[in-house]
Amino acid sequence: MKTRKLGNLEVSAVGMGCMGFTHAYGDPPPEAEGIRLVHCAFEQGCNFFDTAEMYSYFKNEEFVGKALRELPRDKVVISDKFWPMALPGQEAPKLSEANLRRALEDSLRRLGTDYIDLYTEHQMADGREEEVADLMGRFIREGKIRGWGQSSPTADQIRRAHAVTPLTAVQSEYSMMERKWEKDVLPLCRSLGIGFVAFAPLGNGFLSGKYRAGQTFAENDLRNVITRFSPENMKANGPLLALIRRFAEEKGCTEAQIALAWDLAYGDFVVPIPGMRKEARIRENLGAADVTLTAEEYRALTQALGRVEIHGDRVGRDIRKLGTVPQDVDR
Ligand SMILES: NC(=O)c1ccc[n+]([C@@H]2O[C@H](COP(=O)([O-])OP(=O)(O)OC[C@H]3O[C@@H](n4cnc5c(N)ncnc54)[C@H](OP(=O)(O)O)[C@@H]3O)[C@@H](O)[C@H]2O)c1
């Protein structure tokens, strides 16, 4: 597996998003099967695993902790995210040193480790960028975290935080269906040497071409409420899938691999973290690291993509409509 640098962290070019092992896409697999799949990804060369305090309210961290405990700690890179607001059982938002320290210690305990490699502010606490950055700097100096990040920040929030404690990586949605960060955030990350972790790189699976209008999802699957999966938008996004299929056929790979290879081709500081819970998908998605788009192929695909209209998106206000998923699965 090829590797990439996110600041000081060396990670596999494709990581694994672990959210689905406890929630978001219907019932998760039994824990033992989930652990087997994480180990399968590791055996395929994936060393970068993403979780968050708020996924299933702490249970995802516990799952990831169990799965990674059986692997050599120095061979895995743990990406964890803290939720600055109060979560169930917590009385106050964490935006004080004492509360953030407690949250970090609790996450370390659930993960079964004494340091987190990449610790990311999961929802931006507007106006508190410098304060959070300063505290993250202290956690780094204390050896509790190796690097830190922001999720879905604006360019201004990145600049303000980075000036206090250099950011290791930003984590935001980036795929052929969500390109808004190309305007300023991606170029800024490139110029400041900040890594970019691309979440939902498969457009929640849509870009794999394996989902069709008329497809039904389990009641507790967020694709019932995000608009890119409404039957009319799935149909309207047909030209996007046709484009990806054409390139996949030309490259002799799958659609999901084209979608991931396109993310990777933006720059060597971009690392997609698809969620995947089947062995074949793990092999397929991690295999995207070996699908290299030439500069000409990337330009042609990106130009063609610019002519395709994208219908629907994936935003927190829709996800909140699904009562079975915790109050907010990210913005
Ligand atoms: N920072 C944030 O705010 C934020 C927000 C959302 C997510 N994340 C992180 O990003 C990770 C990835 O995002 P995501 O899981 O929401 O979206 P995603 O990776 O774009 O899509 C995941 C969905 O696609 C399906 N899938 C994966 N590979 C496939 C393939 N080759 N063929 C067909 N279907 C495939 C998965 O199915 P199965 O799982 O059933 O195999 C799952 O339903 C999460 O796990 C989480 O760690 C971060």
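Helices (H or I, at least four residues) and strands (E, at least two) are DSSP runs, numbered from the N terminus. Residues are numbered from 1 along each chain as its sequence is written. Please keep in mind that this is a predicted model, in which local features need pLDDT of at least 70 and side-chain atom pairs count only at pLDDT 80 or more, while totals for chains, interfaces and linings use all residues.

**View 1. Ser56 and Tyr57 sit in the loop between strand E4 and helix H2.** For background, most residues other than glycine have a negative phi. Burial is judged by the other C-beta atoms (placed from the backbone) within 10 Å of a residue's own: 20 or more is buried, 12 or fewer is exposed, and anything in between is partly exposed. Ser56 has 20 such atoms, so Ser56 is buried. Tyr57 has 17 C-beta neighbours inside 10 Å and therefore counts as partly exposed.

**View 2. Helix H1 (residues 31-43) meets helix H2 (residues 59-69).** The two axes, which are lines fitted to C-alpha atoms over the stretch in contact, come within 9 Å and cross at roughly 55 degrees. Angles run from 0 to 180 degrees between N-to-C directions; those under 35 degrees count as roughly parallel, over 145 as roughly antiparallel, 65 to 115 as roughly perpendicular and the rest as oblique. H1 and H2 are therefore oblique to each other. From H1, Glu31, Gly34, Ile35 and Val38 make the contact, and from H2, Phe63, Lys66 and Ala67. Contact here means C-beta atoms, placed from the backbone, within 7 Å. The residues involved divide into four nonpolar, one polar and two charged (Ala, Val, Leu, Ile, Met, Phe, Trp, Tyr, Cys and Pro count as nonpolar, Asp, Glu, Lys and Arg as charged, and the others, Gly among them, as polar).

**View 3. Helices H8 and H9 cross at roughly 95 degrees.** Their axes come within 8 Å, and the two helices are therefore roughly perpendicular to each other. H8 brings Ile244, Arg245, Phe247, Ala248 and Lys251 to the contact, and H9 brings Glu255, Gln257, Ile258 and Ala259. This set divides into five nonpolar, one polar and three charged residues. Gly238 belongs to H8 (residues 238-251) and, with 13 C-beta neighbours inside 10 Å, counts as partly exposed.

**View 4. Met16 belongs to the largest nonpolar core.** Such a core is a set of buried Ala, Val, Leu, Ile, Met, Phe, Trp, Tyr and Cys residues joined through C-beta atoms within 7 Å. Of its 91 residues, Met16, Phe49, Phe196, Ala259 and Val271 touch the most other members. Helix H9 (residues 255-265) gives the most to this core, with seven residues. Setting aside neighbours within four places in sequence, Met16 is in contact with several residues, including Val38, Phe49 and Ile273.

**View 5. Pro153 lies in the loop between strand E7 (145-151) and helix H5 (155-164).** Pro153 counts as buried because 25 C-beta neighbours lie inside 10 Å. Not counting residues up to four places away in sequence, Pro153 touches Met124, Ile158 and Val170. Gln171 is 18 residues from Pro153 along the chain, and their C-alpha atoms are separated by 8.4 Å.

Note on methods. Two residues are in contact if their C-beta atoms, placed from the backbone, lie within 7 Å.
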